[in-house]
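Please examine the sequence and the structure shown below before reading on.

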Amino acid sequence: MKKWVPIASGLLAGFVAATITFADFSKSTNNQVASGNTKSDAEKVYVPFGEKDDYYLFASGGHSGQMFIYGVPSMRHIRTVPVFSPDSATGYGFDEHTKKLMGDYNWGDLHHPAFSETNGDYDGKYMFATDVGNSRAAAMDLETFTVKDIINVPNTSGPHCAAFVTENTEYMFLPTRFAVPIGSEYKSLDEYSQQYRGVMSAVTFDQDKDKLNVAYQVALPPWSYDLSDAGKKESGDWAVMTTYNTEEATTNLEINASQADRDFIVLFNWKELEKMVADGQYDEVTGQKMIFPEKHKGGIYLVPVAKSPHGVDVTPDGKHFIASGKLAPSMTVFSFEKAFEAVKNQEFSGERNGIPILKYESVMEREVNPENALGPLHTQFDDKGMAYTTMFISSEIVKWDPKTGETLDRVPVQYSPGHSVAAEGDTVAPDGKWLIALNKIAKDSYLSVGPSHPESMQLIDISGKMKVIQSSPVNPEPHYAQIIKADKIKTIEVYPKDENNKLATYKQDEARIERNGNEVHVYGIAMRSKFIFDAKAKRPDVIEVNQGDKVFIHLTNTDFDEDITHGFAINQYDLNIEVQPGQTNTIEFTADKAGTFPLYCTNFCSALHQEMTGYFLVKPKN
Amino acid sequence: MKGKKLSLVSSLLLALSALLIVASVFFPYWKMVFFAPQYPEGLNIIVFPNKLEGEIDIVNGLNHYIGMENFSAENFPELNYLLYIMIGLAVITLLTAIIRKKAMLYGVIGLFGILGILGVYDLSRALKKFGTNLDPMAPIKIDPFVPPILGHNTVANFVTESMLGYGTYFLIAAFILLLIPLWKDRKR
C-alpha cells in the first residue's frame, strides 16, 4: 500500500500554494547602524551614495528671491526653488501660472521661511515665505517643492517681521519693517507719527484651493517690527514681536532709532483679534478689515525691552519668550504666565498709541548676560530646552540655560552669524543634534571668487560639546532657515494623470493645433524624444502661425517616469518652460516676430534629446 | 463504464484543483523585469490572464528607440479570452470532481496539458515576434533577439529577467492535484 504517495503529493501541492500565497519573497533588509559616538567629524557629515541625509534644510535666499534646499548633515545643496524671482532653469515666471504669480515683479527679498504646523510641530505640508522687497507672501507645496500661490499684501511695506505661523497654521502673521501711510499714499514725513502705520497682516492659507488670503490687518504704531514668534501650548493663542525705532525717527535711523533705552515687544492674542473682527470691531480701509488699536481696544499689549532687540523666540514648552538684545549685550527671558497675570490685573505703566504697556518688572524673569558676548540676535532650542543664541558682533554661538541663565558652552563661527537654525529648533519638540550658523560674512573661508563673496553656513554638532564640523558656501543670502526631519516630507515623483484637465493631452493621436480667429491653441505632447503638436500633420513637431497671432501652447509631458523632465524653448522668443513628468504646462505669447525659429527641448531628457527639436514658423503680415 | 468511478478523496482533490485554477487568475502568470544603470529598481511587464501591468508605458517609451512594437492589450488578443478559458477549465475540472468519471479525468488532464503547451508556444511566439520584428527606421539599430521565457538576457544597456508568476505556480499545483487521483485510483 503506497498510500503516502497521494498524501505526500497533496501536502506538497498545498505547501506550494500556501508558500506562494503567504511567504514574503522580498529580500530581508539588514539595517546596520554604526555607533554614532565613535564617528570622526568627517564621518559624521559623510553620506555615502545610496544613503540620504536625515534632514532637509530650507534656507531663505534673501535678495535672490529663492529658497535653497540642502541636506543635513552632508550640507550638500540639493535644489534651488525659485519663489519671488523668475528662474529660466525651471521656467518659473515664464509659464502662465508662475507668470501670474510673479505679477509685474522681477525680484524679491525672501526673508524668513516658516513650515506649516500641526500642534506646534512641523507637518511637512507647506513652506511659507515673505518678500521684504515687494511686500508679498508665498506658499510652497512640499509634495512638489513648487510655489502654489503668492499674495500682495496691501498697506504693508516690507514684512521682515514674518513669517510665523500659529500652532495649527490658522494664521501666518506679517508684521512690517517699514511704516507707510495706509494704502502707501503720499504723505509728508513730517506727519510720520500721525499718518504712518506699521500695518500687520493676518494671512490665511486655504489648503484645498492653494490660496492665500488676508483675513484682517492691524494698524500698529509707525515703528519698525523686526522679528516674531507664535506662542506654543499654553501660550498658543498669543504671539510676540520685537520693535525698534519706537523713537519714530524719519531719517538716519542708525543713530536716531537707537536713542531710547527701551523699545517694546508687542504681545498680542490672535484669538482675541479674530473675535474682534468677527464682532465687527474694525474699520474697512482699502478693502481690508483694519483694527486700529487706539480705537478697537483689547488683545494687544506692549512689554518694555532693552533697546532695539532683534529676535524674540518662544521656548519649546511655551512658557517663556526670549528677546535678543542686538544693541544691548544681553538676552531677556520673559514669562508668559507673568504677562497673563499682569494683563489680568491691569498692571500697566502707561500706554503708547492707545496700547497698554505692561510693567517690565512684572513680566521679566531674568536678564542673561554672558561675558563679552556681543550682539545677540536670535535664539534656537534643543531637545532639552537649552537655548542657542547667535552673537553677531562677537561671532559666536552661546549655549545657555533659560531656566537659570547659566552659560553652558560657546563656539566661535566665521563670521558674524545672523540667525541660526537647529533641527526643528523652533517647534514644541526640537530634535537637538544639529545647529547651523547662518553667517553673514564668509570672507576668507573659501576659494576666492573675487570681491563678491558667498555667505557661509556652518554645521555645528550640538550632541555634546559644540563643535563646528562642516562649512558650506551658500548664495546670498540666508536670513533664517528651517530644518525638518526628512521623513516628514512626502514628495511625488510624477504628476498623476488628470482626465478633467482640458488643457492636457495624454494620447499621441489627440495632439492638435486649434485656431480661433487670431488665437492659436496648441495641445501638444513632449515625450522621449520628440514633440507632437499636431498628430495629423506632415510634420507633427512644427507650429506654424501668422505674425501677430496670440499663441497658447499647452504642453503635456507624457513620460510618467521619475526625473524625465522636458523643457521647451523657442529661439529668439525669450521664453523657456519646464514640463515635469506627467505635468501639463501652458505658455502664452504673441508671435510678434515673423520668421523661422527653431524650438527645442532644453532639459536633457534622453540619448536623443539633441534630436528633440522642431520649428516655429511665423508667416509675415504683408 | 460503471467500475471506473473516482474515489471521494480524488473527487475532493479535483475540486481543490478547480479552486486553485480559479485562484490563479488573480495572480500574474508571467513577468519580465528590465534592469538598466538608470533603472536599478527595475521596470516590470507583468502578464495576468486578462491584462498587462507594470511600467508598460515607460518600457514602450524606451523600446521605441530600438524599434520594438508597443506592448499593449491590443497586441495580445489572448488577454481577451484567456480568462474565460481558465474559468472554463476550472468548471470542467469541477464537473469531473462531481461526476467522478475516470475517463473524464483523462480528458481534463489532456486538455490541461494541451493548454499548457499552447500557452508556452504563444509566449515564445510573442517574444520572438517582439524581439525580431524591429522597425528598420529605429534610431538605434540592434540585432534581432529572442528573450527566453525563463532566465535573463542582455540587450544593449538592459538586462531582462523573465520569470513565472504566482498564477502559474498555482496552475502547476492544480495540475499535480489532477495527477494524484490517477495514482490513488489506479487499477488494483
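The model is a predicted one. Chain B contains 5 helices and 5 strands, and along the sequence these follow the order α-β-β-β-α-α-α-β-β-α. The radius of gyration of chain B is 20 Å, whereas the globule rule gives 16 Å for 188 residues; the chain is therefore more spread out than a compact globule. Along the principal axes, the C-alpha atoms of chain B occupy a box of roughly 70 × 30 × 25 Å. Of the 188 residues in chain B, 26% are buried.

Helix α3 of chain B spans residues 78–99 and comprises 22 residues. From its first C-alpha to its last, helix α3(B) reaches 30 Å, which is close to the 32 Å expected at 1.5 Å a residue. Its buried residues are Leu82(B), Met86(B), Leu89(B), Ala90(B), Thr93(B), Thr96(B) and Ala97(B). Viewed down the axis of α3(B), these buried residues fall within an arc of 120 degrees, so they line one face of the helix. The cover over the buried residues of α3(B) includes α1 (8–24) and α4 (102–132) of chain B. The face turned away from the buried side of α3(B) bears the exposed residues Asn80(B), Tyr81(B) and Tyr84(B). After α3(B) comes Arg100(B), which has a positive phi, near 60 degrees.

Met163(B) belongs to strand β5 of chain B, residues 158–164. Met163(B) counts as partly exposed because it has 14 C-beta neighbours inside 10 Å. Leaving aside residues up to four places away in sequence, Met163(B) touches Lys31(B) and Leu150(B). Lys31(B) is 132 residues from Met163(B) in sequence, yet their C-alpha atoms are 5.5 Å apart in space.

Chain A is divided into domain 1, residues 55–488, and domain 2, residues 508–619. The C-alpha centres of these two domains of chain A lie 43 Å apart. Domain 1 of chain A contributes 6 residues to the contact, and domain 2 of chain A contributes 8 residues. On the side of domain 1 of chain A that touches domain 2, the residues divide into 1 nonpolar, 3 polar and 2 charged.

Conventions
Residues numbered from 1 in each chain as written. Chains lettered and ligands numbered in written order. Predicted model: local features only at pLDDT ≥ 70, side-chain atom pairs only at ≥ 80, totals over all residues. Helix = DSSP H or I, 4+ residues; strand = E, 2+ residues; numbered from the N terminus. Rg over C-alpha atoms; globule rule 2.2 N^0.38 Å. Buried ≥ 20, exposed ≤ 12 C-beta atoms within 10 Å, placed from the backbone. Contact = placed C-beta atoms within 7 Å. Domains from an automatic or database assignment. Nonpolar A, V, L, I, M, F, W, Y, C, P; charged D, E, K, R; others polar. Expected span 1.5 Å × (residues − 1). Arc of directions from axis to C-beta.
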